[in-house]
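These are my notebook entries on a single chain.

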Amino acid sequence: MYLHLGSETVIRTDDIIGIFDLENSTVSKKTRDFLAQAEKNGRVVNVSSELPKSFVVSQEKDRQRIYICQLSPITLIRRASQITEDGERKD
């Protein structure tokens, strides 16, 4: 139901379009242009003051947001996969 991205930021798992590794994906000029345009349009939310490792693209209502996060993509994917359909965490 909700994914904790770090600090005090949580987003709905249904809103997530993708979770990306920042280091590997920014090799592509298209990804760098996408992130630069999102930053210019005020759609980027930095959820950490530490070195970022990933970014999460979400579609919230009619607005797309990009969250820059210090957690690795694998950690975020594991957190998201531990949430069942009824919103409870798997143990």
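Entry 1. The model I examined is predicted. I looked up V56 and found it in strand β5, which covers residues 54-60.

Entry 2. Is V56 buried or exposed? Its relative accessible area is 0%, and because buried means under 20%, I recorded V56 as buried.

Entry 3. I then asked which residues V56 touches beyond its neighbours within four places in sequence. The contacts are L5, I11, I16, G18, I19, R65, I66, Y67 and L76. I also noted P73, which is 17 residues from V56 in sequence, with a C-alpha to C-alpha distance of 8.6 Å.

Entry 4. I checked β5 as a whole. The strand is mostly covered, with six of its seven residues buried.

Entry 5. Next I traced the sheet. It is open and consists of four strands in the order β3-β5-β6-β4, with mixed pairing. The edges are β3 (16-21) and β4 (44-46), each of which pairs on one side only. On average, neighbouring strands of this sheet are turned by 20° against each other, direction ignored.

Entry 6. I went through the pairings one at a time.
- β3 and β5 are antiparallel and share five bridges; I16 stands opposite S58 of β5.
- β5 and β6 are also antiparallel, joined by seven bridges; Q59 has Q64 in β6 as its bridge partner.
- β4 pairs with β6 (residues 63-69) in the parallel sense over three bridges; N46 stands opposite I68 in β6.

Entry 7. I turned to the helices that meet this sheet. Helix α2 (residues 29-40) packs on the sheet and touches β4, β5 and β6, its direction making about 110° with that of β6. Helix α3 (residues 73-81) lies across β3, β5 and β6 and runs at about 145° to β3.

Entry 8. I inspected the hairpin of β5 and β6. Two residues lie between the strands, and K61 takes a positive phi near 55° in this hairpin.

Entry 9. Finally I looked at the surface. M1, Y2 and V10 form a nonpolar patch there, with about 310 Å² of accessible area together. Y2 belongs to strand β1 (residues 2-6).

Methods: Residues are numbered from 1 along each chain as its sequence is written. This is a predicted model: local features need pLDDT of at least 70, side-chain atom pairs count only at pLDDT 80 or more; totals for chains, interfaces and linings use all residues. Side-chain values use heavy atoms; hydrogens and water are left out. Buried means under 20% relative accessible area, exposed over 50%, partly exposed in between (1.4 Å probe, protein chains only). Contact means heavy atoms within 4.5 Å. Patches are made of residues with over 30% relative accessible area and no salt bridge: like charges are joined within 9 Å, nonpolar side chains (Val, Leu, Ile, Met, Phe, Trp, Tyr) within 5 Å. Accessible areas come from the Shrake-Rupley method with a 1.4 Å probe; for residues, only the protein chains shown count as cover. A salt bridge is a side-chain nitrogen of Lys or Arg within 4 Å of a carboxyl oxygen of Asp or Glu. Two strands pair if DSSP finds at least two bridges between them. Axes are lines fitted to C-alpha atoms, for helices over the stretch in contact, and angles run from 0 to 180 degrees between N-to-C directions.
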